[in-house]
Amino acid sequence: MKKELILMTMTAFAATSVSAQALHYPKAEKDGTVDEYFGVKVADPYRWLENDTSKQTTAWVEAENKVTNAYLQKIPFREKLLKRMTELVNYEKISAPRKRHGKWYFYKNNGLQNQSVLYVKDNLNGEARVFLDPNTLSTDGTVALKDVSFSNNGKYAAYAISRSGSDWQEFFVIDLKTGQLTEDHIEWAKFSDAAWQGDGFYYSAYDAPVKGKEFSNVNEGHKIYYHKIGTPQSEDVLFYQNPAYPKRFYFCSVNEEETMMFLYEAGAGAGNNLFVRDLRKPQSQLIQMTTDMDCQYSPIYNDGDRIYLFTNYKAPKGRIMTADIHHPGIESWQELIPEQQHVLSGAEIINRQLVLTYQQDASDHAYLYDLNGQLKHEVHLPSVGSVGFTGDEKEPECFYTFTSFTVPGTVYQYDMDKDQSTVYASPKVKFRLDDYTSEQVFFQSKDGTRIPMFLTYKKGMKRNGKNPVFLYGYGGFNISLGPGFSAVRISFLEKGGIYAQVSLRGGGEYGEEWHQAGTKMQKQNVFDDFIGAAEWLISQKYTCSDKLAIVGGSNGGLLVGACMTQRPELFGVAIPEVGVMDMLRYHKFTIGWNWASDYGTSDDSKEMFEYLRAYSPLHNLKPGTAYPATLVTTADHDDRVVPAHSFKFAATLQECQKGNKPVLIRIDTKAGHGGGKPLAKILEEQADIYGFILYNMK
């Protein structure tokens with residue numbers, strides 16, 4: 001009862017506290033920088049904040065964090081919120097097991113471990129022992145395990161780590177016979193797995209960056225190397241590079257039998273090019289299979305000379321095709337499973353059967369096919385939610401992990417012949433899942449397009465126009481937002497909050513056409529969809545503007561920034577997380593050039609420049625405007641969306657803000673874009689975000 005009373009008084013306290021707290025923001029000097037685009041001059045007075053390693057920027061960051069930390073520490077219920085979130089997260093989490101060379105590997109987190117631990121068993125019912133514990137690789141959990149790849153001969157395992165959330169990777173190698181680390185160590189790899197062939201592996205890397213600019217300079221010249229076990233990285237053989245296109249990604253994979261290699265070229269469209277090499281012929285060369293980088297081409301299996309592929313080529317919702325390695329050009333491919341009504345979002349070969357996952361209104365449905373493309377049956381999932389299958393191409397065991405907004409990740413063992421699912425590992429949470437419910441609603445966007453949205457809340461919620469709402473979206477890069485569970489979200493739902501997740505155009509929920517409808521000079525559709533969701537929630541009496549918070553990360557941070565500048569009166573709180581805020585210069589940092597297929601760039605044409613400037617969050621802040629209470633978040637090691645975006649946006653927003661609603665920036669240290677973040681940092685950040693939201697809802 002006492003705990004519930006504390007939670008209930010949070011929002012009531014906020015109304016009297018926000019206006020009473022005066023904020024004095026650090027002064028940000030202006031350097032007078034002006035750029036010219038197609039004859040149009042555009043001021044960029046905080047250009048100096050792009051230099052993230054300068055003393056001036058460091059001093060500004062320290063001053064901003066001091067103001068932000070002081071504000072967050074004065075939120076009276078912040079520590080109680082953190083304590084409750086910690087209680088909610090503290091339950092055992094287990095992944096589906098995967099078989100490699102006769103042993104079973106799986107990840108487990110005891111509850112509050114910063115990083116999940118990789119375990120191994122000799123058989124499914126055997127005793128588990130630790131194979132690799134990333135928590136021992138750093139004292140604060142900021143070293144994360146990115147990938148583990150086992151050699152096909154069963155002798156080695158290569159694992160990749162990242163430090164402090166950066167996209168840079170390092171590879172190490174374990175001798176599976178002794179369990180000991182070898183001397184092998186690879187640095188400056190990025191966006192790469194280890195593709196094994198014999199006693200070595202291929203990996204993708206860049207040249208070592210300029211010291212001090214590791215997290216901001218443009219990444220160019222992605223190369224593929226072959227590393228022989230027992231040799232130093234300096235002796236690695238350069239296998240592939242393409243100097244003609246330095247701003248593209250190149251990586252490869254090798255099948256388990258080591259008879260075929262696939263090389264992927266990406267970064268110049270919404271898809272990739274695909275090359276194949278017959279490894280059975282010692283002097284064979286790579287053969288290009290495709291030439292359209294706006295489509296996706298993904299090999300999923302080979303049976304002798306026959307290659308099974310997923311593609312959306314001439315099929316916006318995806319299909320399965322086959323190719324012969326002797327005639328690999330796409331004009332010779334054969335359709336195996338045609339495009340369906342719903343989007344094909346996943347394809348696996350398990351026990352020599354095709355497991356296909358389709359999205360229907362952003363929820364997963366799974367089906368089993370034989371290798372000749374004949375439908376066997378639908379996989380009966382527990383309820384509406386998201387699913388991921390795990391299994392070996394030729395082994396009978398099959399597992400899937402199922403989750404929804406009200407069901408934490410649960411692992412099922414699946415009998416493919418009988419279509420029977422048995423719970424293999426179910427989380428034992430310390431709260432009542434049955435107290436919460438989820439529904440899907442639909443509304444019309446500005447142009448009449450039907451948009452789906454999931455709502456999750458505590459049973460018994462009243463539509464009285466006063467419920468706190470956490471409205472989340474992404475809307476880009478063909479990425480779908482399906483049902484998923486978050487334990488920290490429960491702390492918000494417990495006190496009458498509603499979690500709203502909207503499936504915006506630009507995502508992949510309805511295929512490539514849905515994606516394209518939110519790109520380049522149609523990007524405004526995404527913002528209109530999100531604004532439409534907010535207006536619908538208000539019109540249907542779920543909430544009101546003062547109790548409506550909008551949240552999004554990365555491309556979703558851009559979403560929040562654009563919507564709060566276009567409709568500042570519509571939202572009470574805005575949380576743009578690690579967002580792309582400067583749409584005129586985003587392509588000039590790290591891998592920003594890779595986003596041009598979705599955004600276009602200010603260099604493309606005058607029309608594209610003008611379109612980008614019209615919605616760029618940084619360039620649409622207006623002095624004397626009352627913006628929502630805003631907490632910008634970023635991190636010092638974010639080399640995906642560099643912190644300069646958030647720095648310049650926050651400095652400008654603080655300058656423009658009218659009234660007493662706070663404008664703060666939270667700059668994390670030893671953290672990046674979000675991947676691999678230790679649990680302790682996640683909890684601190686989420687307590688700050690939810691605390692800020694509740695504190696600023698009138």
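1. Does Glu170 count as buried or exposed? In this predicted model, Glu170 counts as buried, at 13% relative accessibility. The side chain of Glu170 meets that of Arg163 in a salt bridge, with 2.5 Å from N to O. Arg163 itself counts as partly exposed, at 39% relative accessibility.

2. A salt bridge also joins the side chains of Lys190 and Asp639, at 3.7 Å from N to O. Lys190 belongs to strand 11 (residues 180-190), while Asp639 sits in the loop between strand 38 (629-635) and helix 10 (644-656), so this pair ties together parts that are 449 residues apart in sequence. Both ends are buried: Lys190 has a relative accessibility of 0%, and Asp639 has a relative accessible area of 1%.

3. Glu256 and Arg100 form a salt bridge whose closest N and O atoms are 4.0 Å apart. Because Glu256 lies in the loop between strand 16 (249-254) and strand 17 (260-266) and Arg100 in strand 4 (residues 98-100), the pair ties together parts 156 residues apart in sequence. Glu256 is partly exposed, with a relative accessible area of 37%, whereas Arg100 is buried, with a value of 17%.

4. Salt bridges also link residues into a network, whose members are Asp35, Asp44, Arg47, Glu50, Asp582, Arg585 and Lys648.

5. On the overall tally, the count comes to 39 salt bridges, with a side-chain nitrogen of Lys or Arg required to lie within 4 Å of a carboxyl oxygen of Asp or Glu.

Definitions and conventions. Residues are numbered from 1 along each chain as its sequence is written. This is a predicted model: local features need pLDDT of at least 70, side-chain atom pairs count only at pLDDT 80 or more; totals for chains, interfaces and linings use all residues. Side-chain values use heavy atoms; hydrogens and water are left out. Helices (H or I, at least four residues) and strands (E, at least two) are DSSP runs, numbered from the N terminus. Buried means under 20% relative accessible area, exposed over 50%, partly exposed in between (1.4 Å probe, protein chains only).
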